[in-house]
Each structure stands twice: as C-alpha cells, then as structure tokens.
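Here is a walk through the model you have open. Keep the viewer handy and follow along.

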Protein chains: 2
Amino acid sequence: MNDNKTLAEAFKQATYPVGGHGKRTVRMIKEAFAELDGSVPSDQYGKGELIEDFQTRMAEHLGKEAAVFFPSGTMAQQIAMRIWCDARGLKRVAYHPLCHLEIHEEDGLKMLHRIESVLLADKHRLITLQDVAEMREEISCLLLELPQREIGGQLPAYGELEAISAWCRERGIKLHLDGARLFEIVPYYGKTAAEICGLFDSVYVSFYKGVGGIAGAILAGDEPFVQESKVWKRRHGGDLISLYPYIVSADYYFKRRVPKMEQYYRDAQELAVSFNECACVRTIPEVPVSNMFHVHIELPKEKAEPLLIGIYEETGIGITHYLRDNDAGGCYFELGLGDAYAALPKDRLRTALQMLSEKLGNAR
Amino acid sequence: MNDNKTLAEAFKQATYPVGGHGKRTVRMIKEAFAELDGSVPSDQYGKGELIEDFQTRMAEHLGKEAAVFFPSGTMAQQIAMRIWCDARGLKRVAYHPLCHLEIHEEDGLKMLHRIESVLLADKHRLITLQDVAEMREEISCLLLELPQREIGGQLPAYGELEAISAWCRERGIKLHLDGARLFEIVPYYGKTAAEICGLFDSVYVSFYKGVGGIAGAILAGDEPFVQESKVWKRRHGGDLISLYPYIVSADYYFKRRVPKMEQYYRDAQELAVSFNECACVRTIPEVPVSNMFHVHIELPKEKAEPLLIGIYEETGIGITHYLRDNDAGGCYFELGLGDAYAALPKDRLRTALQMLSEKLGNAR
C-alpha cells in the first residue's frame, strides 16, 4: 500500500505520462464550457433541448431508436438488466466473471435488484459462443463487454459476435452491450458503432474512458426500453435537475476524441511492440485491438516498483501509477492511450523502455 | 396542458420573475468555476481533497461526525432509510403523505429497497407528536421534512420537534431530517443548523433549493452510517469518477447564499402580506417561516391563467410559471424567494398585485 503510494507519487511527478489525455483537473470543465454562451438553458429533470438534442444524436450514432443520458454506467447497466429481467419475468443474467457489475459495484445488481448472475467463461479469456450455448441456466439477458477490459481489452472475432447475437435472438434472450469503450473498438472491427450496436438490444457507452470527458453515460435501445429506463433513472436518484455539466463536456470531448480513436489504436499497437521487445515483459493482447492493453512483468510488484520509480525520475516518462499482482507471480498494469502519447518525446520513451528492459533483465 | 404552456411561455418572457435566483442557465457553472485555478485536481470516486474538504466542512456545519456528497437527495435519502432499516432488521419507515420519497421518486424506496412506508398525519397538515405516538406499526426510522414543502413550507414548533426527537430516541427509532431546505429555516427557529440537526440521527441537505446551486446533496451522520452510505452510493451508481462540477458549484453558491437566508425569509414575509391583501388570495402559511410559501387563488386554474398572463405582459412581473388545482376548486402555486426579489422594481410589483386583486375581484 505504502509502496504503491510511492509509485503513484513518482508517476504524478513525471512530466510525460504515457497513457490517457493528461491530468484530470477542473481545467476540463472550464475548457468544455469556455465557448458556450452563458444563456443556454439548463436541462431540467431530463427535459430540455440540451439533453434531448444530445440523446437524439447519440441514438443516431449508435443506430438505436432512443437514448438517455445517465450520470453513470453503473446505474445505466443495472437498469438495463432490470428492464430485461422484468420483461421476461426471470431475474437472472449472464456475463463475464470480470464484468463491471460483478466486481466494481458492491453487488448493486443483487442488493438493489435481486438479480442473479451466471458467470460465463474462465476469467482469463473471452466468452465464446460455446460458453453461451452450453449454459445450463435460463437467463433473461446476456451482457457482453467489448472490449473485455479486465483481460487487457480483448475482442472476439466479429463472426463470433454475430453468432452469439443470432443465438440469443432465436431464444428471446436479450443481448446487452457494455460499450464503456465502444468508440475505441470501431477501428479494429472496421464497422460503424451503429453496425456493432445492431447486434445488441441495448447498449451503454461511457464518456470518460477514451472520450476523456468528466463523467456520464448513454443507455440506448428501442423506445419502450428507453422510456422505462427513465423511470428507473428517477428511482435510482439519477434524474438530476441538471446533468448539463456532464452532457456539455461529453459532447465537447466526444467531438474532439472520437475521430482520433483510429490514431489511439495505432499508437497502442506501436507501443505494445516496444513493450514486447523488453525482457520479462509481455502485453495482453499481444497485438492490441483498441487503444488499450495490459503490460505483464515477470517480477513481483515489490521488485518492479523501485525499478519503475527510477525510470520515471531519470527520464520524466510516467509509465503507470500502480502495479497489481498477476496470477503468475509477477505483476501488471493497464495502459489506455489518448492525447498524451502524441505529446511524448519518443526518444525519451525509447530510453525509458530500454532502461526497463535492462533493469528487468538484470533483476531476473 | 396547453394552457399551462402558455402561462409558462408568458412567465419566460417576463422581465422580472418574483421567485428564485434567476434563470437556470449554464452561466451558473461558468460563474462558479471562473476564479478556480484550472490545475485543481478532480475528485476521484469519492476521494481527493476537493470532495473530502467539502464533506468535512459540511459535517461541521451540520454538527455531525461525517458527511458524504451525493449527486441527488433521492439517492441520499433512500440510502439513509435502507441503512436504518438494515440496522434494525425491519423494513418499515414513517413519513408525511406528501414526502418526496412517496410522491416524487417513482416508488424507488419500494422498488429498489423493498421498504414499506407508514404515512403519518393528514396530507394537509404537519406531523405531530400525537401522530407519532399513536402509530400502531413498528418502524425503523421516522423521516421529518423541515419545512414541509408540499404544504407551503410549514414548520412545527421547535418544542414539538424536540419532543418527537426524544420520543424516537427512547424507543431506538432513528430520526432522519429531510433538510432539502434546512438552511432556509435557520432564521425562523433562531437555532444553528447544527443545533437543529442535533435532534436527528441523519440529515440530508440540498444545494439547489435556496442555495441555488446546480445539483447535489449532502448526507450526514455518525461515522459508521456515513461509511455505509458510501457503499450504497456505489451500488446506486452515484459514486462518479468526478462529482466536482456539483461540489464546486455547491460550495460557491452555499457561501454566497446561506448568509442571505435571513433576508429571503424577511422578503417572503413581506410578499405574503401583499398577496394576502389581494381579493380571493391567501398564502399558506399565512406568515411564512422560511423563504417559501404557497399562494392559493379562489378561481379555477383555467380562469386564473389568462389573468396572470395579462399581468405579466403589462407589468413585466412574472409571478409563477404554473398553476395547480387545489382541493377547494381553486388553484395554487409555490413561491421560493431568492436573489431575484431584491432586483425587482417594487412599484411594478405593487402594480402587478393590484391588478391581480382587481382582476380576481371582478372574476369572482
């Protein structure tokens, strides 16, 4: 814990963070509102041009009938699960063992909605059609996360996705997309967001991952689904009198960053090659399929940390602010590329990765 | 509905709205952030100086051990009810028939938390000690709203409040304060916010009522209660990566408006006198005990609306944007005084109220 803090501190002091879009400061909101006229009216409990216009544009972008803005994905996705469970009269859904709902939400789905979860696949790999087809339990909804964040941002082949979608449709099982990082995978699949979403009955997207906004989410689907989700949004306490701080910034950063997703994806591929050339390092996936990947190091966290701190101090390059134990006795961290990477002096980055390779090689 | 829209339109075009702090536009956030340095770090999932500092100051102001910032009061209060119910192992709470949880939250308390409600008192009056003492059902928590908004913002005598508090404590029943408008009643009671909160086990306050912020709430209580509320906040989807747009603006407007609550209260008393001098008009309460009151008109909504529209057009004074039917065949609206009242040309206001009195007298 204390060691982690030291790595975090060294990272904070490093001039050039490798991932992300720069520091999360209040400058983000100032920038998003700088050119907006002060007389623009607030949204008001989900009504008003500001929120309705954004929802309409997002519904179009995602190829869905309607969309609703939520303060958080946690809220949006629990509600999606609840609606599909109520529709079928069966409170059971299936998802990956490392699904956000399973590991990051203090069991809200179970504690608030009394919905059971079926965990599909081994936690180290993606859900396959076979996993779905072999499932013994009846379910109302299958949730797929694209890319599967907790295993480095992996993606199934598009054909597999289509097959899972068809399988669900045939059985009246709703398919929900956890698209927290949907915009980030569009370049890899070579499909539009709307095409990908066409395989799903409901979709959630986030505005503070690759988009780099302040917070907020969109939940999209058909009109009755979206109407019902608004009622649940109020029940959850998410129907705020004003959501515009998040909406305006989501819109602002969406417009600026979505066109760059292809670049972030190429950058991730380039950087992964460099990491994979280091001794004792490998990335998952080996070849990234979005702007993100995991970096695994064959050294325990406690030994890797001081090495990294030394590198940050010497080069000014900040690789990660944390390390987590992996199952192989080593450690790992996540990288998601954004605007920061383009601003990085590449010679320093090369130096930093050479140092990493040497230090890890020596420590082995 | 269409008529209502017309009144709303006329109100929108009126130069001088009587209530509130002015139009809810994005200028509010621009103003709140104008002087804040851009390098101030965001809060991060409930952590960080920005949120922790504000929570500490609010806990002190409310005289409680700890406090937590929530995106909404709906979320904060359901969670308070849940914690107290879980603590006693009994999912039943009591409150006023026009409590926010009962009429404005799409039954979130029941649908998400499966908590039953006991409705105390007749909906036209305040809850008394007698109502509480005669309650047959066992409950875990009693919720009191001060002032009781839906009946014009009425308040019990302070002694009655103390007696109810003592009654609950003796029986191990938790007493929760819906203090959406707590800052607004401090002048009437002549007590500090902390003194009033001292009668309660948990307290919710809002930052967009009299304070006139953008959105957001504080829930305060003892340390274990607040810690538990943070877990539920995550379950509800309220533990956003960044709540700073609401926190910074809450802080900004709290500092500017809380010192003016005495003035808003005096203004409400003054204005209520003028309304009560009009034919066919009476205010509830007759003498306001906060910055708010209801104005009841002895004329059906459909007849009163065109009269009001005429007054707005002739004087530029906007009295209300809506009318609602009351139980006596007439109609009513709510007024909550804020900064707008001080900016009002008082001669025009006098003219507007004289016109109102004449028109209503003639229509009778």
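## Two domains in chain A

How far apart do the C-alpha centres of domain 1 of chain A and domain 2 of chain A lie? They lie 30 Å apart. Before going on, bear in mind that this is a predicted model, where local features need pLDDT of at least 70, side-chain atom pairs count only at pLDDT 80 or more, and totals for chains, interfaces and linings use all residues. As for labels, residues are numbered from 1 along each chain as its sequence is written, while chains are lettered from A and ligands numbered from 1 in the order in which they are written.

The domain assignment of chain A gives domain 1 as 2-22 + 260-363 and domain 2 as 43-241; such bounds come from an automatic or database domain assignment. Where the two touch, domain 1 of chain A puts in 16 residues and domain 2 of chain A puts in 15 residues (two residues are in contact if their C-beta atoms, placed from the backbone, lie within 7 Å). On the domain 1 side, helix H13 (261-277) and strand S10 (292-297) of chain A each supply at least two residues. Helices (H or I, at least four residues) and strands (E, at least two) are DSSP runs, numbered from the N terminus. H13(A) gives the largest share of that side, 4 residues. By class, the domain 1 side has 9 nonpolar, 6 polar and 1 charged residues. Here Ala, Val, Leu, Ile, Met, Phe, Trp, Tyr, Cys and Pro count as nonpolar, Asp, Glu, Lys and Arg as charged, and the others, Gly among them, as polar.

## How the chains meet

Now for the chain-chain contact, which takes 40 residues from chain B and 40 residues from chain A. On the chain B side, helices H2 (27-34), H4 (73-88), H6 (108-113), H11 (223-236) and H12 (244-257) each supply at least two residues. That side has 19 nonpolar, 12 polar and 9 charged residues.

Chain B superposes on chain A (RMSD 0.0 Å) by a rotation of 180° with 0.0 Å of shift along its axis, which is the relation of a two-fold axis. In chain B, the C-alpha nearest the axis belongs to B:Leu112, 2.5 Å from it. The superposition is by least squares on the C-alpha atoms of residues with pLDDT of at least 70 in both copies. Since 100% of the interface residues of chain B are also interface residues in chain A, the copies meet through the same surface.

Two packed helices are described by the angle between their axes and the distance between the axes. Axes are lines fitted to C-alpha atoms, for helices over the stretch in contact, and angles run from 0 to 180 degrees between N-to-C directions.

Take H2(B) and H12(B): they pack at an angle of about 80°, with their axes 9 Å apart. That makes H2(B) roughly perpendicular to H12(B) (angles under 35 degrees count as roughly parallel, over 145 as roughly antiparallel, 65 to 115 as roughly perpendicular and the rest as oblique). B:Met28, B:Ile29, B:Ala32 and B:Phe33 of H2(B) make the contact with B:Pro245, B:Val248, B:Ser249, B:Tyr252 and B:Tyr253 of H12(B). Their classes come out at 8 nonpolar, 1 polar and no charged.

The axes of H4(B) and H11(B) come within 10 Å and cross at roughly 125°, so H4(B) is oblique to H11(B). From H4(B), B:Met75, B:Ile79, B:Arg82 and B:Ile83 meet B:Phe225, B:Glu228, B:Ser229, B:Trp232, B:Lys233 and B:His236 in H11(B). These residues divide into 5 nonpolar, 2 polar and 3 charged.

## Backbone spots to check

Which peptide bonds are worth a look? The one from B:Leu146 to B:Pro147 is cis, with omega near -10°, and B:Pro147 is in the loop between strand S5 (141-145) and helix H8 (158-171) of chain B. The bond from B:Ile284 to B:Pro285 is also cis, with omega near -10°; B:Pro285 is in the loop between strand S9 (281-284) and strand S10 (292-297) of chain B.

Over in chain A, phi of A:Arg114 is near 55°, a positive value in a residue other than glycine. A:Arg114 is in the loop between helix H6 (108-113) and strand S4 (116-119) of chain A.
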